[in-house]
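Open the model in your viewer and keep the selection tool ready. The tour goes stop by stop.

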Amino acid sequence: MKDEVGIPLIVNGTPCQVSAGPGRRLSQVLREDLGLRGTKVGCDAGDCGACSVLMDGAVTCACLMPVAQAAGRAVETVEALGPGGPDALQRAFLRHGAAQCGICTPGMLMAATALIRRSPAPTRAEVEEALGGVLCRCTGYARIVDAVMDVAGAASGPVPGRGAAVGASVERLDGVPKVLGTERFGADEVPEGALLVRAVRSPHAHAGFHFGDLAAWSARHGVEVFTAADIPGDNRFSVIPAFADQPALADGVARMRGEAVAVVAGAPEVIEALEFGDFPVTWEPREALEDACAAQGDGVARIHADRAGNVLIKGHVRTGDPLGALDGAAHVVAREIETGWVEHAYIEPEAGVAWMEGDVLNIRACTQAPVMDRDDTARVLGLPPGRVRIRPAATGGGFGAKLDLSLQPLIGLVTLKTGRPARMVFTRRESMAATTKRHPARMRARIGADAGGRLCGMWFDGDFDTGAYASWGPTVAVRVPVHASGPYKVPHYRAEARAVHTNGPVAGAFRGFGVPQAAILQETMFDELADAVGLDRLEFRRVNALRDGQASVCGQVLQGVGIAACLEALQEEWRAGSARVAAFNAKGGDMRRGLGVASCWYGCGNTALPNPSTIRIGVTPAGAVRLHQGAMDIGQGANTVIAQIAADALGLPVHALELVDADTAQTPDCGKTSASRQTVVTGNAALRAGQALRARILALTNMGDGARLALENGTLVVSDGARRAVVEPARLSVGPLGYVLVAEETYDPPTQALDENGQGAPYAVYGYGAQMAELEVDTRLGTVRVLRMVAAHDLGRVINPQLAEGQIEGGIAQGLGLALMEEYVPGRTDNLHDYLIPTVGDMPEIRSILIEVPDPEGPMGAKGLGEHVLIPTAPAILNAIRHACGARITRLPARPDRVLAAIREAES
Amino acid sequence: MGIYHRPCNLEDALWVLAGGGVTIAAGCTDLFAATDAPELAGPVLDITALDALRGVQATAEGWRIGAATPWAEIARAPLPGGFDMLRAAAREVGSVQIQNAATVAGNLCNASPAADGVPALLALEAEVELASVRGRRRVRLEDFLTGVRQTALAGDEMVLAVHVPRHGADGQSRFLKLGARRYMVISIAMVAVRVVLTQDRIDRAAIAVGACSPVARRLPAVEAALAGLPLARAAGAVDAAAIGAALDPITDMRAGAGYRGAAAGELVRRALREIAGGAS
């Protein structure tokens, strides 16, 4: 068999011939040749299962099969399911909230379909076996398993009437395309004639470099090459403009492994076949700074000339007399803990396309922050922001790393220079090597309590390795000292966190901005303090929990504080769990069970900085009500939650709203999807916009506050029982935005700057939570199996219980990974088989308890949740490990060998 | 892109091989995982259309597993108790998706120290049948695997089958794999243990450990020490130090070397205990 012979395939029942190299990945043929882009590619290595298809009914990874092997066999993709709309399994996914970002959904559906055909009513164990080969980073798997087990069910989510959307488990409004596989992610839109773009990246952590004869190389290969010299604007960007230091293409020196130094663009078939072995670049490797403590030493070379001691920034909070308080404390615990790089590992690697429309550069890529993308891309490319339009693709997970620019300036540069559409899809290796990580932290603390168990003082110090460039290092350094006390009353306190440059990967935002690392130290130390005092560990936390009217370590007097309610909600589970664990351990043996608890708090939105959101709602002449919702939904559910708030504020059913997505030319700025801010900040804007539009409609009809709104046949009907008025949009004049009635409202959370001691009001709203872990340690192998988690989170007001529980389960999965298995090693773990994230078989049973202690500032009392849910998991697990077997973990993750070593140490 | 051969008969395949310079492709789960390219770099010899290379059959002297038999087929095959460890290992090769594609010979030829199939095949006394236009030969699996990513395969040879002699499948067996997560995990350590009993005493034992040395190893001294012991006492009699001494583990991001050696000893004990529990 030779190249380019037609290969006969039977895809979804239809015979076809494809003209492709026989050795081409089936996934490529399905997606690029046949346009069946429901099959997703997450790793090209069989590690994630996103590309799962059925081959003669058996599930296999399409990325690992040469198309020649599929010849004559029956291939089934997600497009085969429910062609007339969602089938029973897809309906079950919607009903259970099993799809969050949706990128793993087609793979999950195909793996589950293979199971259901042979076992129509599968057991939980069968489902876990069947789904073990598909990774999901959003859901924690619980809802996916529930959905598969409920494939025979028929119910649908609620369709609430006017005023009843908030609090209802509405199925996600953007869910159908996710389960059908028609959702268009970054790699799924390919303009005609698009050039393919690949980056040449540094193999060294630190190296000077210079190019040879680029013109000759590009002529020989028939491609175009662009380097820093081609960048028309200011070749540096950062999520925080004041710290802009990262070049889109490195200029003469690469400061980290994986840094792009050139892009190569050309016809797809040419570019994908290129090998960069002969690319004319000469590297001069330099000594790399690998350690954040050593990097601060005297005489150490600076990675950035203007940053002395390689310290990017120090964050600082001080109140009272911490050293004096520790001196006077009855019990003091001092500890150190070290955490490593953690990779976001969303299943969708960065991908997108750029093209010109007139003189406007359009970019469609996965993102968490469209307006920031626009402004930074414009800066790099030397364009006014108005000449860059970001039209976000569906985003297959983000968790913080898709806040930063990745490929936007690269494809933008190619399109600007060539005038042609340009497309780039990161490989998994590239995604892991080049994008941000969670900050590795080396933290030390001393915490003291009085004889009765009241906290009296805390001293915290942490070095956070921010890698080669600033990214969110400043945010981490500022957030950590504010939060390192945990949600407790600590009268005397001093905390400092330093973001320090090394030649490691850029560390940026990852669900919690450094707070999860700090909580690991503080919450594990609390267990030792509780033991020293002689108090039950849950009771110790309850006694010290912040209460309404008390001041935080920043001196901010708080209201709507829900931590005590969360801890109290765990009390019954804690007692029952303690009894279960004690009964199990009484039997003796190598398996020991343990129980642990930990708390969290987290301020929603930017730290003492403006972060407004603007929501627009308009009524069209045809009587449609459109919600311009610019908060990126990366799976967490903003599209649904913001609509629920807006609908209730306006007084129309949520399903009556039409959604207009984020688009920098169409939809007002809702800021970035980060810092658990969208429900609070964009939610408040939606509340105000809904109320404002309602007020306009009521004013138009001269109706009072209690009047009811309805959409009927393209008209707005307003009634108050006594009177009924009809607004006919078609008869009203159309404004410049195309609406006959429109409201646009902005909300910026009121905060107060921090002074030199970190005193002020950094956040308008905080959320709280506490989690309990029950687990089993194999004391001869050091392996840990988490059996059960109970998570009590105070959301202030629950907008959508199902989405909230999905966030909790997903956060616990990531927290479990952080605690037990996730450790990124540059150059060593740039794939999803050396870098491990939890599979369906690693997840415990999870019970969520949703607490509502209304926040005076949050929309309808609501608080943020997105990061909170991850923070307590790792410390609760570590506390349970220590409870089970005495092992105190000082370096994460708690790999089996480290746990076993800690057990031996505890025994000796 | 290069030439892609997918012959339907073995002779053609061997002549392609004899021409030199081709990469043999079967399940492709290692070949594709090693590249970011959308297409296998050629020239490729795809052996999945060779019917003779597929399936598990009983033969006069034991069992023959065709080289290109996917692990899923091995997991389902009706085989005697000595094969339980191999069937269990088959269910631990990557994921269900991988097991439907990845082949037994691919696992051997890839020659990873952590190849899931190797310890059980060692403990089954497996031999590898190789073919070229020059002829056929059989080598013991121990001799076939020569180092990390190294085999005794000559440039013009391919694996035709794995043979398990009748005596190799005697007795009862267990496979235990230790990794840092439940599914799709590269082993920190793994063991395959098979015992043949006379009454309740161990007549002979076959023990192999993977991921703790450049190539998975049989542990003859440990096996010999078990001979004659009552099965119920075997786990307790395992000399963990002897197991550690017989291995040559590395330290990597999955675990330290010392831990690996200790874990291997514990896994051997547990496998014996499980066999004893299952037999009672």
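Select A:Asp44, in the loop between helix H1 (26-33) and strand E3 (52-55) of chain A. Helices (H or I, at least four residues) and strands (E, at least two) are DSSP runs, numbered from the N terminus. The model is predicted: local features need pLDDT of at least 70, side-chain atom pairs count only at pLDDT 80 or more, and totals for chains, interfaces and linings use all residues. Residues are numbered from 1 along each chain as its sequence is written, with chains lettered from A and ligands numbered from 1 in the order in which they are written.

Check the backbone at A:Asp44. Its phi is positive, about 55°, although it is not a glycine. Most residues other than glycine have a negative phi, and most peptide bonds are trans. A:Asp44 is buried, with 25 other C-beta atoms within 10 Å. Buried means 20 or more other C-beta atoms within 10 Å of the residue's own; exposed means 12 or fewer, partly exposed in between, with C-beta atoms placed from the backbone.

Two cis peptide bonds follow. One runs from A:Leu892 to A:Pro893, with omega near -5°. A:Pro893 sits in the loop between helices H21 (873-885) and H22 of chain A. Another runs from B:Gly42 to B:Pro43, with omega near -10°. Find B:Pro43 in the loop between strands E2 (23-25) and E3 (44-46) of chain B.

Now select strand E22 (residues 492-501) of chain A: nine of its ten residues are buried. Which way does strand E12 (residues 311-319) of chain A run against E22(A), parallel or antiparallel? The two are antiparallel, joined by eight bridges. Strands count as paired if DSSP finds at least two bridges between them. Look for A:Thr319 opposite A:Tyr493 in E22(A).

E21(A) pairs with E22(A) in the parallel sense over ten bridges. Here A:Trp459 stands opposite A:Arg494.

E21(A), H13(A) and E22(A) form a right-handed β-α-β unit. Right-handed means that, with the strands pointing away from the viewer, the path from the first strand over the helix to the second runs clockwise. Eleven of the eleven residues of H13(A) are buried, so the helix is largely enclosed by the rest of the structure. Those residues pack against E12, E21, E22, helix H14 (515-533) and strand E23 (591-603) of chain A.

Move to helix H18 (residues 638-650) of chain A. All 13 of its 13 residues are buried. Just after H18(A), A:Gly651 takes a positive phi of about 95°.

Show both chains for the contact between them. It takes 50 residues from chain A and 41 residues from chain B; residues are in contact if their C-beta atoms, placed from the backbone, lie within 7 Å. On the side of chain A that touches chain B, strand E4 (58-61) gives the largest share, four residues.

Finish at B:Val191. Leaving aside neighbours within four places in sequence, its contacts include B:Pro119, B:Leu176 and B:Ala271.

Definitions and conventions
Two residues are in contact if their C-beta atoms, placed from the backbone, lie within 7 Å.
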